[in-house]
Amino acid sequence: MTLRVAIVGTGPGGFYTADALLKSDVELEIDLIDRLPTPFGLIRGGVAPDHQTTKRVIKAYDRSAQNECVRFYGNVELGKDVALEELKALYDAVVLAVGSPLDRKLGIPGEDKKGVFGAAAFVGWYNAHPDFRNLDPDLACSAAAVIGNGNVAIDIARVLVKTPEEMAETDLSDYAATAIHGGAVEDVYMFGRRGPVEAKFTNVELREMGNLTDCHPVVDPADLPNEVTGEWSARDRRLRERNLETLREFTALDPADKSKRVHFAFYANPVEILGGAHVEALRLERTAVENGRARGTGEFFEIECGLVLPAIGYQAVPVPGVPFDEDNGVIVNEDGHVGDGVYCAGWVKRGPTGVIGTNKPDGDVVAHRILDNLGAGAGKEGRRGLEALLAGKGVRHVTYDDWQKIDAAEISAAADPAPRRKFAAVEEMLAVLES
Ligand SMILES: Cc1cc2nc3c(=O)[nH]c(=O)nc-3n(C[C@H](O)[C@H](O)[C@H](O)COP(=O)(O)OP(=O)(O)OC[C@H]3O[C@@H](n4cnc5c(N)ncnc54)[C@H](O)[C@@H]3O)c2cc1C
């Protein structure tokens, strides 16, 4: 008998689950469903356009997608084109690997002003994610405030200050390149509530900020402690020592005649976004860190800026009919098992943390739960039923062959040395398939 599995979401969470299932000797039919015509989730729509080597991981996903047991059904949205109950009726197991696509909110006054864009939206915009292509941020301002001290915050700051030449070998969307390189942003403030020791960025990403052609990293030496204090594992302590060392090196760099600056502004908690309809400034409270936690000092200050870009984390969207843990922003699960034939993987299973590879052991665990619970499958209809259902609803699904055509069209449309020119509109992608 064939075990029939639908995996909803084709980011790392979905692909590593498929991969782990494919290693078993059970006869399988795995259908990968994604709301976009393009696979790979945040590898395409999140990972920075100038970090192309990171995106190479898709080569392994590509192999899985072309396995004879696997089919891709792009342009099919759970909750819109197909209901969870329909998938449950057709498949032995339905794996929800839908990620955490929403921005966590700052929860401060002024957050609804024009010029405030969460990282999911802003990164999605420069990465040509169809949901955000019309964001149209106004980059005519001279200063932008990025809130957060993780790698996503650094990605945003870096993309804003790199030169066109530095971005030439990237797949930055062309409208974002025009807006950023024709814009006026010269100062990017990266605000962290806590200090450099608590900052979450990794050292490779931090070091890169000291090697930019036209941007000087600004660090106040007074913010840098002499040593890492607090309770850390040996590994974490080493990472933090390295970051401190890098930040110290930044203080010794010559700004030369660089025209842009990224300011590493620690111990600053945003309390209000100021302005009229549009952002004009950010008000912050200076903090002190006690036992790893930031506490306000009662001292406030403001910086003028026309953009506020909170990069403070992500949240999942609850799937109707599936128990959701609001506090932790994850589907309630035990090792990826939700119950009643439903499983989950990736960020929606364990929360929006970790690197791409963190999803791999996760996928293994979920796959083992599926195989242990379901063995060889119960003879459900699977993909035949899905295709009939989609055809009946008039849904134009995108196959993996179709995606390869879109991929080839993007690659051939690129201006050398860019790796591709991304389509940002679903209609543009579908038009490639009609030609
Ligand atoms: C801005 C950013 C940059 C990052 N950069 C790096 C990096 O450089 N290196 C690194 O190691 N990690 C990086 N990460 C982390 C990494 O991207 C994640 O660990 C990983 O993508 C999580 O995988 P996932 O499958 O859970 O979610 P996702 O990658 O978000 O995939 C979810 C998929 O589900 C689909 N989907 C959602 N809802 C539905 C629905 N209703 N119906 C059908 N399909 C649906 C989406 O279209 C998407 O394809 C970054 C993350 C972000 C946000």
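The protein chain splits into domain 1 (3-100 + 316-434) and domain 2 (102-314), with bounds that come from an automatic or database domain assignment. This is a predicted model, in which local features need pLDDT of at least 70 and side-chain atom pairs count only at pLDDT 80 or more, while totals for chains, interfaces and linings use all residues. Residues are numbered from 1 along each chain as its sequence is written, and side-chain values use heavy atoms, with hydrogens and water left out.

**How the domains meet**

- Between the C-alpha centres of domain 1 and domain 2 there are 31 Å.
- In contact across the interface are 29 residues of domain 1 and 25 residues of domain 2, where contact means heavy atoms within 4.5 Å.
- About 2,100 Å² is buried between domain 1 and domain 2, and carbon and sulfur atoms give 55% of that area; buried area here is the accessible area (1.4 Å probe) that two parts lose on being put together, summed over both.
- The rule finds 13 residue pairs in polar contact across the interface of domain 1 and domain 2, both residues being at pLDDT 80 or more. A polar contact is a pair of N or O atoms within 3.5 Å; within protein, one must be able to donate a hydrogen and the other to accept it, and residues adjacent in sequence count only if both atoms are side-chain atoms.
- On the side of domain 1 that touches domain 2, the elements giving two or more residues are helix 2 (42-45) and helix 14 (426-434). Helices (H or I, at least four residues) and strands (E, at least two) are DSSP runs, numbered from the N terminus.
- Helix 14 supplies three residues, the largest share of that side of domain 1.
- By class, the side of domain 1 that touches domain 2 has 16 nonpolar, five polar and eight charged residues. Ala, Val, Leu, Ile, Met, Phe, Trp, Tyr, Cys and Pro count as nonpolar, Asp, Glu, Lys and Arg as charged, and the others, Gly among them, as polar.

**Salt bridges**

- The structure holds 30 salt bridges, each a side-chain nitrogen of Lys or Arg within 4 Å of a carboxyl oxygen of Asp or Glu.
- Between domain 1 and domain 2 the count is six salt bridges.
- Asp50 pairs with Lys162 in a salt bridge whose closest N and O atoms are 2.7 Å apart.
- This pair links distant parts of the chain, 112 residues apart: Lys162 sits in the loop between helix 6 (151-161) and helix 7 (174-181), and Asp50 in the loop between helix 2 and helix 3 (58-65).
- Lys162 is buried at 8% relative accessible area, and Asp50 is also buried, at 13%. Buried means under 20% relative accessible area, exposed over 50%, and partly exposed in between (1.4 Å probe, protein chains only).
- Glu427 and Arg133 form a salt bridge at 3.7 Å, N to O.
- Here 294 residues separate the partners, with Glu427 in helix 14 and Arg133 in the loop between helix 5 (119-126) and strand 6 (143-147).
- Glu427 is exposed, at 54% relative accessible area, whereas Arg133 is partly exposed, at 29%.
- Arg421 and Asp174 make a salt bridge with closest N and O atoms 2.7 Å apart.
- Arg421 lies in the loop between helix 13 (400-412) and helix 14 and Asp174 lies in helix 7, so this pair ties together parts that are 247 residues apart in sequence.
- Arg421 is partly exposed at 31% relative accessibility, and Asp174 is partly exposed at 36%.
- Salt bridges with shared partners join Asp50, Asp155, Arg158, Lys162 and Glu208 into one network.

**Backbone details**

- Asp416 and Pro417 are joined by a cis peptide bond with omega of about 5 degrees.
- Pro417 is placed in the loop between helix 13 and helix 14.
- Ala128 is not a glycine, yet its phi is positive, at about 65 degrees.
- Ala128 belongs to the loop between helix 5 and strand 6, and at 2% relative accessibility it counts as buried.
- Asp335, also not a glycine, has a positive phi of about 50 degrees.
- The loop between strand 16 (330-331) and strand 17 (337-339) holds Asp335, which is partly exposed with a relative accessible area of 43%.
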